[in-house]
There are 2 protein chains.
Amino acid sequence: MARPREFDEEEVLKTTLRLFWEKGYESTSLSDLMAATGLTKSSLYKAFGSKEELFWRVVERYQRDFLDFRHAALAEPTPRRIAERLLDGITALHSGEMNPVGCLELNTALTGSKEGEPIRQELLRGREQFRLRLRERFEETMAAAPLPPGMTSDDAASLIISLIQGLAVQAKAGASLETARRVARAALLSWPES
Amino acid sequence: MARPREFDEEEVLKTTLRLFWEKGYESTSLSDLMAATGLTKSSLYKAFGSKEELFWRVVERYQRDFLDFRHAALAEPTPRRIAERLLDGITALHSGEMNPVGCLELNTALTGSKEGEPIRQELLRGREQFRLRLRERFEETMAAAPLPPGMTSDDAASLIISLIQGLAVQAKAGASLETARRVARAALLSWPES
DNA sequence: TTTTTTATGGACCAATCGGTCCACTTTAAG
DNA sequence: CTTAAAGTGGACCGATTGGTCCATAAAAAA
């Protein structure tokens with residue numbers, strides 16, 4: 001019963017996702033968002049509340065649309081298969097032609113002003129939560145196929161997380177798809193086949 | 001033949017190193033630097049030229065004082081020993097009680113405004129240069145002791161670099177010394193002892 | 001057609017950014 | 001003692017930051 005939106009919210013979220021992904025939260029300015037979406041500040045704030053709320057909407061979409069491979073990976077029946085699918089998924093994510101390089105969350109989480117600290121903390125919490133889920137799955141599946149001898153599920157989870165972050169940094173630095181693939185393959189050399 | 005400095009340049013560089021290290025280049029403001037050093041903008045600019053020139057002075061010191069373990073590592077006689085010393089060095093760096101967490105260069109290199117782009121590119125160049133030196137040393141020393149079977153010197157160098165970056169991210173996220181040590185050990189499980 | 005409700009454009013805000021400028025001080029050389 | 005050179009403090013600069021406010025526009029409900 002009022003004036004209708006002149007823009008497509010989905011479209012705007014898609015556009016802002018690309019921006020935040022590429023530059024992280026703090027380095028993406030309202031001006032950037034306005035220029036990329038064609039919207040005015042008023043429309044953005046009316047529709048999304050604030051820069052931060054818009055960001056969280058975007059993170060939600062990011063996880064749903066681009067980090068979905070994590071669920072499939074965790075469902076695999078052996079440690080090696082889990083690790084493989086995780087590293088493959090990350091590699092594919094970073095080499096997607098249409099995707100900005102790097103990881104939205106990592107690009108946001110590393111540095112920034114004091115104002116951005118709560119956001120970084122929150123992202124960090126999510127990452128640690130995933131690490132715990134990964135460790136749990138390693139624990140559950142190491143009966144089906146062992147981890148590399150001498151490696152605990154905790155070691156393995158931390159190692160894989162470190163590799164994922166490392167690959168994200170490399171991607172941001174311009175590493176090629178082949179490089180990422182070879183790193184992933186090399187990292188798993190000692191992981192027993194199921 | 002003029003008025004003498006009222007501050008110790010070494011001391012100022014030490015202080016600004018800590019700031020840039022913790023927050024990266026762009027997230028460290030002139031106000032931060034002034035507050036931490038007790039100097040005015042005039043003194044800083046007179047002594048160092050600009051924020052960027054000061055930053056490069058600081059990077060120089062960082063590499064000299066904190067990244068020196070890389071030289072020792074590259075001088076080791078086998079691939080595994082090289083990799084070990086690199087990962088140990090990074091682990092020690094990130095767990096130093098007096099050090100800010102994370103890596104000065106990584107904290108600067110990931111995101112920022114368009115103005116900071118040249119700085120990020122330059123840091124990136126240095127990183128790639130080190131990767132090439134590492135690959136070269138793997139190539140030279142793999143006669144003395146082999147790399148893990150199926151891993152080329154290029155794979156190995158990219159893998160170790162990825163791990164180093166990953167460990168830096170983890171450190172920034174608050175990972176403990178023990179965690180870092182276990183990741184390093186786990187990563188090298190399949191590397192033949194010399 | 002009038003009223004109500006929402007959307008939009010743009011002016012405006014204080015705070016902060018890196019950087020410049022200049023008056024003033026302090027020292028050593030002459 | 002004068003002069004020249006360098007250091008210092010602080011006012012000032014334009015640009016940019018995220019965010020607010022209000023007048024106007026548009027459409028559905030009455």
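I'll start with one glycine. A:G174 counts as exposed because it has 11 C-beta neighbours inside 10 Å, and the cut-off for exposed is 12 or fewer. Keep in mind that this is a predicted model. A:G174 sits in the loop between α9 (153-172) and α10 (177-187) of chain A. Its C-alpha is 9.0 Å from that of A:G102, although 72 residues separate A:G174 and A:G102 in sequence.

Next, the core. The largest nonpolar core holds 96 residues, and A:I160 and B:I160 have the most contacts inside it. What does B:I160 touch, leaving aside neighbours within four places in sequence? The partners are B:A83, B:L86 and B:L134.

Last, the DNA. DNA strand C is surrounded by 25 residues, and the closest are A:A2, A:E6, A:S42, B:R3 and B:S29. Which elements supply at least two residues each of the surface near DNA strand C? From chain A it is α3 (41-48), and from chain B they are α2 (30-37), α3 (41-48) and α4 (51-66). The most comes from α3(A), which gives four residues. By class, that surface near DNA strand C has nine charged, nine nonpolar and seven polar residues.

Technical notes. Residues numbered from 1 in each chain as written. Chains lettered and ligands numbered in written order. Predicted model: local features only at pLDDT ≥ 70, side-chain atom pairs only at ≥ 80, totals over all residues. Core = buried A, V, L, I, M, F, W, Y, C linked by C-beta atoms within 7 Å. Buried ≥ 20, exposed ≤ 12 C-beta atoms within 10 Å, placed from the backbone. Contact = placed C-beta atoms within 7 Å. Near = placed C-beta within 6 Å. Nonpolar A, V, L, I, M, F, W, Y, C, P; charged D, E, K, R; others polar.
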